[in-house]
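Dear colleague,

Please find the structure below. My notes on it follow.

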Amino acid sequence: MVNISIEKFATATIKNNPNQYQKADLIRALTDALKAKQNGAKCMICGSPIWAAGSGITGTYMCFTCTTGEADDSEDYEIC
Ligand SMILES: [Zn+2]
């Protein structure tokens, strides 16, 4: 995972998905997901630690692999 700030991740997400998100809402959702991860939230499917960046966007607490169907997360972002 590549660590990125919530602010930068929200900006990049909005840039890639114009008109789909309100920045303030996205930042709130990402902050909640990161807090949940730090408090030990687990993927609802497999029980691994959640992927906060993806969980904040989808609103569903799942790990990277269950969210994306990919095993390789080396080039994907995680908020910190
Ligand atoms: Zn999972």
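Which residues does threonine 13 touch, not counting residues up to four places away in sequence? Threonine 13 touches Tyr21, Leu26 and Ile57, where contact means heavy atoms within 4.5 Å.

Please note that this is a predicted model, in which local features need pLDDT of at least 70 and side-chain atom pairs count only at pLDDT 80 or more, while totals for chains, interfaces and linings use all residues. Residues are numbered from 1 along each chain as its sequence is written, and side-chain values use heavy atoms, with hydrogens and water left out.

Threonine 13 sits in helix α1 (residues 6–16); a helix here is a DSSP run of H or I with at least four residues. With 6% relative accessibility, threonine 13 counts as buried (under 20% relative accessible area; exposed is over 50%, partly exposed in between, with a 1.4 Å probe and protein chains only). A polar atom of its side chain lies 2.8 Å from the backbone oxygen of phenylalanine 9.

The zinc ion has the protein donors Cys43 (SG), Cys46 (SG), Cys63 (SG) and Cys66 (SG), at 2.3 to 2.4 Å. Donors are N, O and S atoms within 2.8 Å of the metal (3.2 Å for Na, K and Ca). Their spacing along the chain is C-x2-C-x16-C-x2-C. Cysteine 43, in the loop between α2 (23–38) and α3 (52–58), and cysteine 66, in helix α4 (residues 64–68), are 23 residues apart. Cysteine 43 is buried at 5% relative accessibility, whereas cysteine 66 is partly exposed at 25%.

Methods
Helix = DSSP H or I, 4+ residues; strand = E, 2+ residues; numbered from the N terminus. Polar contact = N/O pair within 3.5 Å; in protein donor to acceptor, adjacent residues only side chain to side chain.
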